[in-house]
Amino acid sequence: MAKLYFKYGAMGSSKSAQALITKFNYEEQGMKVWLVKPSVDVRDGAELVRSRIGLSQKAQIITPEDNLYELYKIKPKPLDVIISDECQFFTPEQIDQLRTLVDEEDIPVLCFGLRTDFLTHFFPGSRRLMEIADSITEIKTICACGKKATVNARIDGKGRIITEGEQVFLGGNDSYVAMCYKCWKEKIAEQRKKRGNP
């Protein structure tokens, strides 16, 4: 029986690499994979899923207006699995469409992405996955202190943590650092103290 999987982790936890490795493993068994990604993620080119370790593959771009269920229906068959990278950028309705594909077409859907933004708030797509996924797995990475990283700290050019701004700001190692919650809070408090804002 097919399932909806949500595999999440902080920045730098190898989510994209694992998505691409999973795709390779299915294809090595002769299975057909539909690799998708939201249109908002254009860091490596609109159609490319790229990991920090150098793996890359072309994916179908999904805009916020697209209906994943309808797109699946017109895809050449057979399809054995759907793999999504950066699934946090899908709308809640698109997550529901993936859920419908799992239930009605009996096709597994594996979603890789972030759980929360730079202020530790859920992305809408991630929230919906937390609500309806059959399997939720954390892909772990570590903070500089050695503890498990759970926060995607947004940083400026001087390495200071940013605590205001739009939820979506695309960037890599120069814009985000994975941190544990304690270090994140302490660094913010330290920055405020330096500016004279307790």
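Ile21 lies in helix α1, which spans residues 15–28; helices (H or I, at least four residues) and strands (E, at least two) are DSSP runs, numbered from the N terminus. The model is a predicted one, in which local features need pLDDT of at least 70 and side-chain atom pairs count only at pLDDT 80 or more, while totals for chains, interfaces and linings use all residues. Residues are numbered from 1 along each chain as its sequence is written, and side-chain values use heavy atoms, with hydrogens and water left out.

With a relative accessibility of 40%, Ile21 counts as partly exposed (buried means under 20% relative accessible area, exposed over 50%, partly exposed in between, with a 1.4 Å probe and protein chains only). Together with Ile53 and Leu55, Ile21 makes a nonpolar surface patch of about 280 Å². Patches are made of residues with over 30% relative accessible area and no salt bridge, nonpolar side chains (Val, Leu, Ile, Met, Phe, Trp, Tyr) being joined within 5 Å and like charges within 9 Å. Accessible areas come from the Shrake-Rupley method with a 1.4 Å probe.

Strand β2 (residues 33–38) is mostly covered, with six of its six residues buried. Val33, Leu35 and Lys37 point one way, Trp34, Val36 and Pro38 the other. In a regular strand the side chains alternate between the two faces of the sheet.

Two strands pair if DSSP finds at least two bridges between them. Four bridges join β2 to the parallel strand β6 (residues 81–84), where Val81 stands opposite Val33. β2 also pairs in the parallel sense with β5 (residues 60–62), over three bridges, and Ile61 in β5 is the bridge partner of Lys37.

## Salt bridges

The count comes to eleven salt bridges, each a side-chain nitrogen of Lys or Arg within 4 Å of a carboxyl oxygen of Asp or Glu. In one of them, Glu27 and Lys23 have their closest N and O atoms 2.6 Å apart. These two residues are four apart in helix α1, so about one helical turn separates them. Glu27 is partly exposed at 35%, whereas Lys23 is buried at 8%.

Lys73 and Glu105 also form a salt bridge, with the closest N and O atoms 2.6 Å apart. Lys73 lies in helix α2 (residues 68–73) and Glu105 in helix α3 (residues 92–105), so the pair ties together parts that are 32 residues apart in sequence. Asp156 and Arg160 meet at 2.8 Å, N to O. Salt bridges that share partners join Asp96, Arg128 and Glu131 into one network.
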